[in-house]
Amino acid sequence: MNSVIMITQFFFTLVIGMYFFTKLRNEKSDSETLANNSKKEAEHLNCMRHIHLSEPVTETARPKNVNEIIGQDDGIRAIKAALCGPDPQHILIYGPAGVGKTAAARVALECAKKSNGTPFSKNAKFIETDATIMRYDERSIADPLIGSVHDPIYQGAGAYGVAGVPQVKEGAVSKAHGGVLFIDEIGELQTCQINKLLKVLEDRKVMFESAYYSEENKKIPTYIHDVFKNGIPADFRLIGATTRKPEEIPEAVRSRCVEIYFNPLTRDNIEKIIYGAAERIKINIEQNAVEMIARYAKNGRDAVKILQMAKNIIFLDNRRNVTLDDIAWILKTCHYTNGYISSDEKIIDISVIKPK
Ligand SMILES: Nc1ncnc2c1ncn2[C@@H]1O[C@H](COP(=O)(O)OP(=O)(O)O)[C@@H](O)[C@H]1O
Ligand SMILES: [Mg+2]
């Protein structure tokens, strides 16, 4: 009898031993695979970080302060009047493409920080978003503009998921707290996004809701209770830029903002932009070549783009100066039509200029 019990005991000990041995071995091989994969991925990421293309000229030539923005004197003055001083306001900038709206928005906060009585601190943040790529999810699982609640059901086996704790992810409006939120192409926001944004502008904080939140749940950390009770602060000034007409922007947004209009650039403005950009990217350009670009470029971005191509042409030819012929060849090859040539002016026929 005893020997039967001993054999049974031995059998079960063996089975249990085998079970734990296999489990341990599998766990070890899983963690080894994970470690190997993560090492490979880390090396790949590191390699990627060492590869850099040159900075686009549009970036190198981007105005670094408000004084470098050409041809928008009234617009810049209006931005200063709206944003600088003790009582900054929300701003909407209208204007055609490539005339300096984004450039002006990006330098506006730094200008405001230097003004007397400004409420912006030295560390106030400038948060830039683009409405054309702002994902909106009707179930509010992800909302990069306003913020969202990550419910436990979406957190899977993580610590928060297992404990049934909803996690709050702050959006751009809260990241911009105390500073400026710049929404480029604001005219492309969806109506529901605009309505939520208006509520934040009104309340200066974002409130969250979740079916998984309970005041009584002791597993929920104190700061999450605080967030659900009091919201996350979102006190910022909005700068929106758009190529759309004012009539296309919801009245509720317009009425809360100072509306500022940027002009199409004149030929003189574009010439100045080209000289400035040429200096920053360190190339020589003949005066008649500058004049030629200004005749054909529809805006500042266009002008800088032509200049970038000219820079490459002289580099490849091992020459020092950008000439009229270089520009004429670019304009002809890239099918530029005359942007700002008035009807009474003698038009240079670029089709007769031979490529180099
Ligand atoms: N008014 C301007 N003054 C100086 N540079 C300008 C101006 N407008 C455009 N540019 C040049 O063109 C580029 C694109 O301008 P951007 O501000 O992005 O135009 P927008 O936002 O109006 O479409 C800038 O980086 C700059 O090099
Ligand atoms: Mg822009």
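The structure is a predicted model.

The secondary structure comprises 13 helices and 11 strands. The overall dimensions may be considered next. Along the principal axes, the C-alpha atoms of the protein occupy a box of roughly 120 × 50 × 35 Å. The radius of gyration is 30 Å, whereas a compact globule of 356 residues would have a value near 21 Å.

As for burial, 40% of the 356 residues count as buried.

The accessible surface amounts to about 21600 Å², and carbon and sulfur atoms contribute 54% of it. The protein carries 47 positive and 45 negative side chains; the centres of these two sets are 4 Å apart.

Attention may now turn to T242. This residue belongs to strand β8, which spans residues 237-242. Is T242 buried or exposed? Its relative accessibility is 0%. Buried means under 20% relative accessible area, and T242 therefore counts as buried.

Which residues surround T242, apart from its neighbours within four places in sequence? T242 is in contact with I93, Y94, G95 and K101, with E185, I186 and G187, and with I249.

Definitions and conventions. Residues numbered from 1 in each chain as written. Chains lettered and ligands numbered in written order. Predicted model: local features only at pLDDT ≥ 70, side-chain atom pairs only at ≥ 80, totals over all residues. Heavy atoms only, no water. Helix = DSSP H or I, 4+ residues; strand = E, 2+ residues; numbered from the N terminus. Rg over C-alpha atoms; globule rule 2.2 N^0.38 Å. Buried < 20%, exposed > 50% of the residue type's maximum accessible area, 1.4 Å probe, protein only. Areas by Shrake-Rupley, 256 points an atom, 1.4 Å probe, with all protein chains shown as cover. Lys, Arg positive; Asp, Glu negative; His and termini not counted. Charge placed at Lys NZ, Arg CZ, Asp CG, Glu CD. Contact = heavy atoms within 4.5 Å.
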